[in-house]
Amino acid sequence: MSSVLYDAPGPRARARSRVISVVGIVLLLAILTWLILAMGAPKASANGAVQPGLWDATRWDVFTDVQVWRSIGGGVLATLKMAGVAAVLALIIGVLFSFGRTAAHKAIRIPTAIILEFVRGMPVLLMILFILLVFSTGSYWAGVSALAIYNGAIIGEALRAGIQSLPRGQREAGLAIGLTPLSTRFRIEFPQAFRQMLPIIIAQLVVLLKDTSLAFIVGYSELLRVGVKNLPDFFGNRYLFSFFLVVLAIYLAMNLSLSWFARFIARRSGPKAGKLVAPAPEPMPDAPLSAGVGAGGSASGL
Amino acid sequence: MDAVFENLPLFLEGFKNTLGLLIFSGIGALVLGTIVAGLRISPIASFRAFATVYTEIVRNTPLTLVLFFCAFLLPYLQFSPPFFVLALIGLTVYTSPFVAEALRSGINGVPVGQAEAARSVGLTFGQSLSYVIMPQAVRMVIPPLINVLIALTKNTSVAGAFFVFELFGAGRRVVNDRGDAVIAILAAVAFFYLIITITLGQIAARVEKKVAVLR
């Protein structure tokens, strides 16, 4: 890997870094093993009662119960239902925001800018609480609408940046062949901006999926609430850690696959796609926004 | 409105705690994030792999889950400082990969040609780093870092749901007392958040304009 910071290593440096690498791996594995063993060791609490270790079978036997998996599945579905509806609404709101923000009339542009600034500076949790209390919508719709508005604002800004980064000639060409300004925006500018900003939009949808867990706080029974509140309340606190690990694993699986998908899209249709890239196998420096595309990204293209 | 003014001390107390959370976990995340970014761009493969795995796992975990771990599982594992400290730990850990990514993309955003040019005019490694690469990297890094801090400000509200008395928690308590003035109270909480986020946003915009690298 070549980088700005250091030269490509020679044979001696490579050998040295291999040695350090192996030592590092061994060290990390040792720390990890120690951590796992320490967590697995039985503990005596202050009053003298001994708790079994965290990997003890008595802490994991609930997972043989089908009912547990059924409620976790219900939690996953509730999370996905909230995320899905909010994502669709957020996209629609984002498109509206981007149009309002790039409108020709000041009367539309300035209020939209103020609303955007307001929404983006606001914690989602506060918006959820506000919608819940003021409109008394119930926790599901409070979560959905707050997530849709907040993420819609961010997607809107991304789309606006995409529209503004297009060459001016695109719009002029559209107008020159006799399309109306609105039609130019819809048929010429918007599709390009959307395609260019797709990785950012999907990354924002990962944020949306993560943020559905905030609905836990206002009492919506999604994955987090089912997993770390309802089930441990029912089966007893000694299962808390086990449930936590399972919920964590499910969240990671969902989010990582969506992130991976975002990266896949970024490689195919990101700002660099379609351009001829340097033929040398040396990785290009990362584009500032497409984190992680790096070395793999430059291999794509034609 | 009177519900807001009557409870102003509560709001100010919450505001103080929000600022405290922001400042301490911001510093913590900057330190931890710098370490992770250093590992991420180090020449040694196992360090890079470790940092990548850490970044991926923490970035894809919901903040609520991280704070849940800090608020309920750490005490259960017999580590129980006050909730404020637990929230600090959670926010620091959650924010650190975002800091690391901002730093890394800033450093990698400096074109390789700059370093090559520096080396070829005879600057040493230290000189090219301190005279050529870092000045450019730092400029590119500051606006995204401020954006991370703005996100952190908003994220402190989640700590309010886990027994820390900050702005969101203050708002919730006042709303419980004064159900008749919900809109005014929540608007006041929003106002306090906007004081922080809009200020930071303005700083970011100004810095961006001032230090932009012309290419």
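Begin by selecting α9(B), where Ile185(B), Leu186(B), Ala188(B), Val189(B), Tyr193(B), Ile196(B) and Thr197(B) are buried (20 or more other C-beta atoms, placed from the backbone, within 10 Å of a residue's own); helices here are DSSP runs of H or I, at least four residues, numbered from the N terminus. This is a predicted model, in which local features need pLDDT of at least 70, side-chain atom pairs count only at pLDDT 80 or more, and totals for chains, interfaces and linings use all residues. Residues are numbered from 1 along each chain as its sequence is written, while chains are lettered from A and ligands numbered from 1 in the order in which they are written.

Next, show α4 (124–134) of chain A together with α1 (2–6), α2 (8–40), α7 and α8 of chain B, against which the buried residues of α9(B) pack. Centre on Leu194(B), where α9(B) bends by about 30 degrees (the angle between axes fitted to the seven residues ending there and the seven starting there).

Now colour the contact between the chains, to which chain B gives 49 residues and chain A 43 residues, two residues being in contact if their C-beta atoms, placed from the backbone, lie within 7 Å. On the side of chain B that touches chain A, α9(B) gives the most, with 10 residues.

Finally, move to α4(B), whose buried residues include Leu63(B), Phe68(B) and Phe69(B). A kink of about 30 degrees in α4(B) is centred on Cys70(B), and Gln78(B), which follows α4(B), has a positive phi near 60 degrees.

Key
Helix = DSSP H or I, 4+ residues; strand = E, 2+ residues; numbered from the N terminus. Buried ≥ 20, exposed ≤ 12 C-beta atoms within 10 Å, placed from the backbone.
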